[in-house]
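Hi,

Here is the structure I promised to pass on. Have a look, and my notes on what turned up follow below.

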Amino acid sequence: MENCIFCKIINGTIPATVIYEDENAKVILDIAPAAKGHAILVLKEHVENVFELESELAGKVFAVVPKVAAAIKETLGCDGLNILQNNGVAAGQTVFHFHIHFIPRWGNDTVRIKWETRDYADGEAAALAESISKKIN
């Protein structure tokens with residue numbers, strides 16, 4: 001995609017600091033990190049979001065996630081790590097090229113990823129689970 005910033009990074013038009021690369025993805029340091037060591041796994045193929053991601057490619061890409069997470073944790077000595085992936089404007093996606101964020105966390109940091117919790121009415125969770133599971137199989 002000619003106007004996609006991640007496609008430009010993948011094809012080398014825009015430089016990036018690469019920490020991992022294979023035939024399917026590059027992992028780069030974010031240029032505007034939420035925390036030191038914030039990295040982004042970017043697919044080499046332009047796929048807009050998880051809804052367009054084929055299962056075979058997803059398996060290959062998600063197999064890289066624990067390796068990258070462990071390397072970041074070991075290198076930085078962080079206390080934890082958020083792994084974040086947004087799909088669609090309503091979910092906070094701003095670059096429409098599938099990518100996964102790795103955000104190192106420390107007990108005293110100022111990174112905020114929060115939401116308000118909700119409750120289900122009696123029987124609502126079971127009915128919703130049944131509806132969703134029918135569409136998975």
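Let's start with a pair of side chains: Lys-60 and Glu-56 meet in a salt bridge, at 3.4 Å from N to O. (A salt bridge here is a side-chain nitrogen of Lys or Arg within 4 Å of a carboxyl oxygen of Asp or Glu.) Before going on, note that this is a predicted model, where local features need pLDDT of at least 70 and side-chain atom pairs count only at pLDDT 80 or more, while totals for chains, interfaces and linings use all residues. Residues are numbered from 1 along each chain as its sequence is written, and side-chain values use heavy atoms, with hydrogens and water left out.

Back to that pair: Lys-60 and Glu-56 are four residues apart in helix H2, so about one helical turn separates them. (Helices are DSSP runs of H or I with at least four residues, strands are E runs of at least two, and both are numbered from the N terminus.) Glu-56 is exposed at 59% relative accessibility, whereas Lys-60 is partly exposed at 41%. (Buried means under 20% relative accessible area, exposed over 50%, partly exposed in between, with a 1.4 Å probe and protein chains only.)

What about the other side of H2? Leu-57, Ala-58 and Val-61 are buried in this helix, which covers residues 55-62. They span an arc of only 100° around the axis, so they sit on the same side of H2. (The arc is that of the directions from the helix axis to the C-beta atoms.) The face turned away from them carries Ser-55 and Glu-56, both exposed.

Val-61 also belongs to the largest nonpolar core, which has 18 residues; Phe-102 and Leu-41 are also among those with the most contacts inside it. (Such a core is a set of buried Ala, Val, Leu, Ile, Met, Phe, Trp, Tyr and Cys residues joined through side-chain atoms within 4.5 Å.) Strands S2, S3 and S5 and helices H2 and H3 each supply at least two residues of this core, and H3 gives the most, with four. A second, separate core has eight residues, including Cys-7 and Ile-40.

There are five salt bridges in the structure. One of them joins Lys-134 and Glu-130, again at 3.4 Å from N to O. These two are four residues apart in helix H4, so about one helical turn lies between them. Another joins Asp-109 and Arg-105 at 2.8 Å from N to O, and both of these residues are buried.

Cheers
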